[in-house]
Amino acid sequence: MLEILKKESLREAYEVCQIEYNNDTELQKLREYIKQNAYGYCDDAHYVMWREIVKLLPDNFSFVEIGVFKGQIICLITLLSERYNKNANVYGVTPMVNHGDKYSTYDDVDSHRCSVWSFIV
């Protein structure tokens, strides 16, 4: 991660993350599952940033995501903590309703039945 942050520009750091993503088949598999099922948003390269963050965390850590949506990030953190043999307590806090705010609207779906957890269980 530190090498990524030492790049001269954010664009260069992003490009390094994209290359790393292209070489990580496990991250690609999860990301494709997310895309195919519309379980979340982000660029592929962001998965590498999360990977590097998990690598820097202690062997025992807790992770809380506020505003889970459909579980993409907590699934990713769980997957990465297992990859790096870390004991992670992963929690998500979310209303689990499709009410938007003045910035967002959400599909009318049953969030309890529509989540990424089926990927890892």
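## Salt bridges and the burial of their partners

At 27% relative accessibility, Arg83 counts as partly exposed. The structure is a predicted model.

- A salt bridge joins the side chains of Asp24 and Arg83, with an N to O distance of 2.7 Å.
- Asp24 belongs to the loop between α2 and α3 (25-37), whereas Arg83 lies in helix α5 (residues 72-83), so this contact ties together parts that are 59 residues apart in sequence.
- Asp24 is buried, because its relative accessibility of 7% falls under the 20% cut-off.

**The pair Arg51 and Glu20**
- The side chains of Arg51 and Glu20 form a salt bridge at 2.9 Å, N to O.
- Distant parts of the chain are linked by this pair: Arg51 is in helix α4 (residues 44-56) and Glu20 is in helix α2 (residues 10-22), 31 residues apart.
- Arg51 counts as buried at 7% relative accessibility, whereas Glu20 is partly exposed, with a relative accessible area of 33%.

**The pair Arg51 and Glu52, and the network**
- Arg51 also meets Glu52 in a salt bridge between their side chains, at 2.9 Å from N to O.
- Glu52 has a relative accessible area of 7% and is buried.
- Through salt bridges that share partners, Glu20, Asp24, Glu26, Arg51, Glu52, Lys55 and Arg83 are joined into one network.

How values were computed. Residues are numbered from 1 along each chain as its sequence is written. This is a predicted model: local features need pLDDT of at least 70, side-chain atom pairs count only at pLDDT 80 or more; totals for chains, interfaces and linings use all residues. Side-chain values use heavy atoms; hydrogens and water are left out. A salt bridge is a side-chain nitrogen of Lys or Arg within 4 Å of a carboxyl oxygen of Asp or Glu. Helices (H or I, at least four residues) and strands (E, at least two) are DSSP runs, numbered from the N terminus. Buried means under 20% relative accessible area, exposed over 50%, partly exposed in between (1.4 Å probe, protein chains only).
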